[in-house]
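Please open the structure in your viewer and keep the sequence beside it.

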Amino acid sequence: GGPNVSTAMAVREQHGHDESMHTCAPPDAVVWPQAVGQVQELAALCYRCRVPMVPFGTGTGLEGGVNAVQGGVCFDLSRMDAIAELSLEDFSVAVEPGVTRKALNSHLRGTGLWFPVGTVGTGEQQGRHWGCGDACGAGLL
């Protein structure tokens, strides 16, 4: 509850569109889980109640993937931004879904490694999901 849930129209509209040409389709509510267990509990509740779930990173996708065309609950994952594990030996890093490319590169500074994906820009609002996140890496990186 409280600061982790909103049904305010302005918040819902912010989460109901991305950079695509699609018309805004706001969710019924927005939640900000901060741990995997919270995501699991919310997903189980949505499943039991047959409520659509819509993941949200930064809203930079180009396909309308965050548009809640059937309503539902938007899971804004931006507060799950921990960098859990870095292995310099095998060039891998475990991150939560809210970690941005800019934050990851800041963490990698001094290791000789960097995450160079994307040439569109370097803003904080670019590239929250890499690989197969909410849009299979098709957002602005």
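Which residues are buried in helix α3 (residues 101–108)? Select the helix: Arg 101, Leu 104, Asn 105 and Leu 108 are buried. Here buried means under 20% relative accessible area, exposed means over 50%, and partly exposed lies in between (1.4 Å probe, protein chains only). Helices (H or I, at least four residues) and strands (E, at least two) are DSSP runs, numbered from the N terminus.

Before continuing, please note that this is a predicted model, in which local features need pLDDT of at least 70, side-chain atom pairs count only at pLDDT 80 or more, and totals for chains, interfaces and linings use all residues. Residues are numbered from 1 along each chain as its sequence is written, and side-chain values use heavy atoms, with hydrogens and water left out.

Look down the axis of α3: its buried residues fall within an arc of 95°, so they line one face of the helix. The arc is that of the directions from the helix axis to the C-beta atoms. These buried residues pack against β5 and β6. After α3 comes Gly 110, with a positive phi near 95°.

Next, select β5 (residues 83–87) and β6 (residues 92–95), which pair in the antiparallel sense over 4 bridges. Two strands pair if DSSP finds at least two bridges between them. Ser 87 has Ser 92 in β6 as its bridge partner. The two strands form a hairpin with 4 residues between them, and Phe 91 in the turn has a positive phi of about 55°.

**The open sheet**

Now display the open sheet of 4 strands, whose order is β1-β2-β4-β3, with mixed pairing. β1 (5–6) and β3 (53–56) stand at the edges with a single partner strand each, so one side of each has no neighbour in the sheet.

Strand β4 (residues 73–76) runs parallel to β2 (residues 29–31), and 3 bridges join them. Within β4, Val 73 is the bridge partner of Ala 29, and Cys 74 is that of Val 30. β3 also runs parallel to β4, joined by 4 bridges, and Pro 55 stands opposite Phe 75 in β4.

In a regular strand, side chains alternate between the two faces of the sheet. Both faces of β4 are covered: Val 73 and Phe 75 on one side, and Cys 74 and Asp 76 on the other, are all buried.

**The cores**

Select Val 30, Trp 32, Val 54, Phe 56, Val 66, Ala 68 and Cys 74, the 7 residues of the largest nonpolar core. Such a core is a set of buried Ala, Val, Leu, Ile, Met, Phe, Trp, Tyr and Cys residues joined through side-chain atoms within 4.5 Å. A second, separate core of 6 residues includes Val 73, Phe 75, Leu 77 and Met 80.

**The cysteines**

Finally, colour the cysteines. How many disulfides are there? A disulfide is a pair of cysteine sulfur atoms within 2.5 Å, and by this rule the count is 0. The cysteine sulfur closest to that of Cys 49 belongs to Cys 46 and is 7.4 Å away, too far for a bond. Cys 49 is partly exposed, at a relative accessible area of 49%, whereas Cys 74 is buried, at 0%.

Methods. Contact means heavy atoms within 4.5 Å.
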